[in-house]
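Please look at the sequence and the structure shown here before reading on.

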Number of protein chains: 6
Amino acid sequence: MHIRVVVPAIGETLIEHVRSEVAGWAALDTKVDVVSLTRGTASIESEYDEALAAPGILDRIEEAASDGVDGVFITCFGDPAVHAAREIINAPVVGGFEPAMLMALSLGENVGIVTVLPNVVPMLNSLARRYTIERRIGTIRVIDLPVLSLVDRVAMLDRLFEQASDAVAKGEADVIVLGCTGMVGVAAELQDRLAANGRAVPVVDPTGAAITWLESSVRLGLTPSRTTYMPPPAKDRCV
Amino acid sequence: MHIRVVVPAIGETLIEHVRSEVAGWAALDTKVDVVSLTRGTASIESEYDEALAAPGILDRIEEAASDGVDGVFITCFGDPAVHAAREIINAPVVGGFEPAMLMALSLGENVGIVTVLPNVVPMLNSLARRYTIERRIGTIRVIDLPVLSLVDRVAMLDRLFEQASDAVAKGEADVIVLGCTGMVGVAAELQDRLAANGRAVPVVDPTGAAITWLESSVRLGLTPSRTTYMPPPAKDRCV
Amino acid sequence: MHIRVVVPAIGETLIEHVRSEVAGWAALDTKVDVVSLTRGTASIESEYDEALAAPGILDRIEEAASDGVDGVFITCFGDPAVHAAREIINAPVVGGFEPAMLMALSLGENVGIVTVLPNVVPMLNSLARRYTIERRIGTIRVIDLPVLSLVDRVAMLDRLFEQASDAVAKGEADVIVLGCTGMVGVAAELQDRLAANGRAVPVVDPTGAAITWLESSVRLGLTPSRTTYMPPPAKDRCV
Amino acid sequence: MHIRVVVPAIGETLIEHVRSEVAGWAALDTKVDVVSLTRGTASIESEYDEALAAPGILDRIEEAASDGVDGVFITCFGDPAVHAAREIINAPVVGGFEPAMLMALSLGENVGIVTVLPNVVPMLNSLARRYTIERRIGTIRVIDLPVLSLVDRVAMLDRLFEQASDAVAKGEADVIVLGCTGMVGVAAELQDRLAANGRAVPVVDPTGAAITWLESSVRLGLTPSRTTYMPPPAKDRCV
Amino acid sequence: MHIRVVVPAIGETLIEHVRSEVAGWAALDTKVDVVSLTRGTASIESEYDEALAAPGILDRIEEAASDGVDGVFITCFGDPAVHAAREIINAPVVGGFEPAMLMALSLGENVGIVTVLPNVVPMLNSLARRYTIERRIGTIRVIDLPVLSLVDRVAMLDRLFEQASDAVAKGEADVIVLGCTGMVGVAAELQDRLAANGRAVPVVDPTGAAITWLESSVRLGLTPSRTTYMPPPAKDRCV
Amino acid sequence: MHIRVVVPAIGETLIEHVRSEVAGWAALDTKVDVVSLTRGTASIESEYDEALAAPGILDRIEEAASDGVDGVFITCFGDPAVHAAREIINAPVVGGFEPAMLMALSLGENVGIVTVLPNVVPMLNSLARRYTIERRIGTIRVIDLPVLSLVDRVAMLDRLFEQASDAVAKGEADVIVLGCTGMVGVAAELQDRLAANGRAVPVVDPTGAAITWLESSVRLGLTPSRTTYMPPPAKDRCV
């Protein structure tokens, strides 16, 4: 199985980091490669960024389609260009939000998302409504760190714990979902720290959820519905 | 008052047509100018097209912001880049869907949309859910004509009448919304034809709804909420 | 264009005040006249008041219909008799709630209403559900001043600011709607004061929203759907 | 226990008929008296009629309150003035819709209402949304007979059977609710006829549901919540 | 009328207590008998308990069916085995949740449930969603006493008052429903104590609501819909 | 990884069949064993069957917990005893409904379920509401074959194709979910046959969805939330 990971940001700096993180989640016989964008933004933290990144992402989807990959992970929690991508490739495509949130639904009643900045909260609410799961979101919290500051793992973990712990204590969350695919390599430790503090709730890593979701989809032979995701009509396009 | 109309398509051919249509709806003291895109697609009929058009639209929004316009109409029923635009300009921005649908809510119980192609129906359902008005949509019908074929006014009107009339007859629509901003200059005639056939329901033209919505917003001094539409953080962007 | 404003209260004292307020919102070429009731109550602050005011309002709607007015504004945030009125006149009819709330939906995610007394909160919740927009109401606050005390503009503004500011600070509101049409002439100042205190959210005046809504409806040629608002069957009526 | 039945129509002609019907449902030790209106309309078949009948109904509620009755049934399926009434009396008040629909919810999945005229369908949808039970309504059918024609019992039963049977056959209804309190004395026969034709679904009579609902409420010591139904503030009222 | 009360717990100790409580709510001409289980659990405080109790409850339903009783009350607020029971008996069957909650809907806007332990809160939320009334639940509170400790009436009442009073004060409840059928004989006193403290809201006793609900259903001739509750197909069953 | 499959039916006849089917979906390094019940019913086709099977299923869950398995699949589309099971084992537990439906949500807009008998349709609607995904179900169809007749693969496939094809053609389904875990080994062929007939929609096999769901959950280190699924309090239990 061949999975293509699209980092929806310009620059090469994130690629190695993502590659090793994804490798940790993928099955042994899953081949993973990682690409970033040649046009787009340095990170996605607004509707504006998401819109600017979309054409660069779709370039990569077209490549993936012609490369015959089995599945594509656009590694951003805002699911940028995911629905457009499904129109142009016969393989499952996910971002981080949809698989992480759907997995969370099977683990507990109210889902608490902990994300980076207040700027993205309206986008996440919009996604939840688009997917009709808004009634299961108990809270959306922020750690007030931009995506590109997540390299400070200790600060990130402390703030995640603070928000997640408070959300569980107040009865607003039974499951925690990490609300940024840049929050890598902390889910297990956060889950353990919560349990050690009397808050035994599962913590869902969106990268892990996405990779296993794609693997499952491929094994089940499932690709996007062509009555929902119809191929775009031919026309002039100049982008 | 100065309203900027952004035709979210490449090429100059539509500009004059849109300008005269918009002039018909605008108040006498409203100044309207119309621009199209330098990068994008010839029309928007899929999530894919919408994603490709977004950066070109946002170019025009940045111009509008620096020109100090009072309001912006992105003339497409799919509301492309509308939410991203609101993050970067202190003036009301609408597409065709939101103002037309909200006006329709005050006119009758179930809204019937008649649009161009089946390809866009999932997008419209997603928009309706995003705006939380999905329970008021009674039906979404298509006339199976692409956007660029809408120049055949007679065929367009006949098909619109056929679908709208059937939707009203079956109790699926109490108000008709034209589901493409390219369906210009037919709302009044469709409304009359329906009434003449015993189906007295209002027909909402999305261009007219958008222009008057913007004028009202400007007169009321209303601009996008900065707690929902926060300015995007500074970062590298290469698009 | 000729718009009739119905003050749904007995007595003449409010008429001049409403007339000047409405004139401030209306377009230059809109003719506005204002009438009050010959039977009803001094103000509407309960379901009971609303029920007692309805026949007097409908008297005025029948007059408006025979006078051939182009639109009717029943100037109360509880939308009293609005749906009954639509059954008996071929012109758009609105109260304060529907146009203000629908305009607010296009400005931000969660709408916060600030109204007069706790007595009317259940009515507003019922209206929101009737119009299917209840999921967008983030909070309903009260300033605990009865309608007829709103003449003390300073006290009203202070209390409005206190409630609105707190609602925005707590993340319960991205847009403020003034929840009583008696709160005249304060929207802009409240909006400015909120912005000056770091809460840059729009404030919707229901009178302004209603007047521009009617003007837009008239320009768009839209009247109530006759499949939703059917003319009442003939019968004995003695009221 | 003393229950007051308010026929929300002018004239005395219906009183005896209602009295005998209600007596058939009431417990032996329940005292029932029946009054009609001195101002209002001959029947309620529109929002307009409902608005015109409300003050006359509220006259009767005030009498009931001063007479110290234990419960009030406003015998109309549109629940006219029910919420206003609850503000001014310390006793349970119901119309026909609420108790019949809530009883129906415990009997099967989808409720099918069969009512008189298409004019009242939007009112019933609005009530269902107000009470938040709209998702359980499978269909609203009409027999196209005005309220005052329901004296032709054979025609009424035939049309009720036709609509109810079709609704059950199409999977749109698991329970039938008679959608007019004027459809008296037919529920049991309709239920039997449906069962004899292979459609074994319960049929709820709104008068029976209302009377037993009030009796249960009184036995349970339940009266309207004063945080929802606050007493109206004192003021001038001239109706 | 003959009503069978099934105590869904093993052991005889609760029977007399339940019998006298039920007798206090039933009409004079209603015959009530009470049975408990020969297999099951000592009380129901989890999904696990509910699942283990179900076959023992269904034994009792089959007996009730062959005894020809007119209605069955399974006296637990979690409605255990209620829907299975309706498939195998031609008589109305209720638990405590459904009738108490539906009665509460007619009394005020937001319903506050006060139950025993946090363990059952997810079950109650699931029931509310199953019955589609989740939007009317304002809060679910717990008194943190297990079912079998409810014999300490003073402690129970104090904790109920504390939770109910707080819920009303915070605007989270307009009606209180006792969330365990073991909370017997306290509804009226709690209601009085709340009123004496300025919180005039009704308090619904689930046992009283269930008994009067069944009596009403029987008087109205209503039994479970056979299109929702179809008789189970014949097959091997070994339980 | 060690997954335990619980066939929630009495008798050994299905075990081999299920074992080979499951083996086809599981990863190579997943150890699967299959057990059936010592008490319960021959199949589950009603609420009644589900209630009777639950204690026997929970016996198997307790065994699984003491055997230290990593995940449990209760192989029935009605998710029998799934929530009770989660209270008593620290490993993910799924039935067929939840994983199949959640996977389907990522593939297209409206999900069409094709199940065995009309008897189970209300159960599936109840599950959908419990999981809050009811708005995404476009249709529930039946092939009118009992579970134990599904051995006739040709008849099953023909009827599945007939229902699925019709659902897609009418716009009621964009994704098909097989609504019985006894419909084994037909998903791929049904998907192909639909595509060959111009209905290119994915078909989800609930067994495959469940097995891969569990594998993903285990790899992600996710177990049931202990704030939703609390351990049952100690007490007498005699079942």
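Arg237(C) stands opposite Thr41(D), a residue of strand S3(D). Strand S10 of chain C (residues 237-238) is joined to S3(D) by two bridges, and the two strands run antiparallel; strands count as paired if DSSP finds at least two bridges between them. Helices (H or I, at least four residues) and strands (E, at least two) are DSSP runs, numbered from the N terminus. This is a predicted model, in which local features need pLDDT of at least 70 and side-chain atom pairs count only at pLDDT 80 or more, while totals for chains, interfaces and linings use all residues. Residues are numbered from 1 along each chain as its sequence is written, and chains are lettered from A and ligands numbered from 1 in the order in which they are written.

The contact between chains D and C takes 38 residues from each of them, where contact means C-beta atoms, placed from the backbone, within 7 Å. On the side of chain D that touches chain C, H2(D) gives the largest share, eight residues. The elements that give two or more residues to that side are listed below.

| Element of chain D | Residues |
|---|---|
| strand S3 | 40-41 |
| helix H2 | 47-67 |
| helix H3 | 82-87 |
| helix H5 | 121-130 |
| strand S10 | 237-238 |

In chain B, Ala53(B) is found in helix H2 (residues 47-67). Ala53(B) counts as buried because it has 31 C-beta neighbours inside 10 Å, the cut-off for buried being 20 or more other C-beta atoms within 10 Å, with C-beta atoms placed from the backbone. Leaving aside residues up to four places away in sequence, Ala53(B) touches Pro8(B), Leu37(B), Gly40(B), Thr41(B), Ile44(B) and Pro80(B).

Methods:
A residue is buried if 20 or more other C-beta atoms lie within 10 Å of its own, exposed if 12 or fewer, and partly exposed in between; C-beta atoms are placed from the backbone. Two residues are in contact if their C-beta atoms, placed from the backbone, lie within 7 Å.
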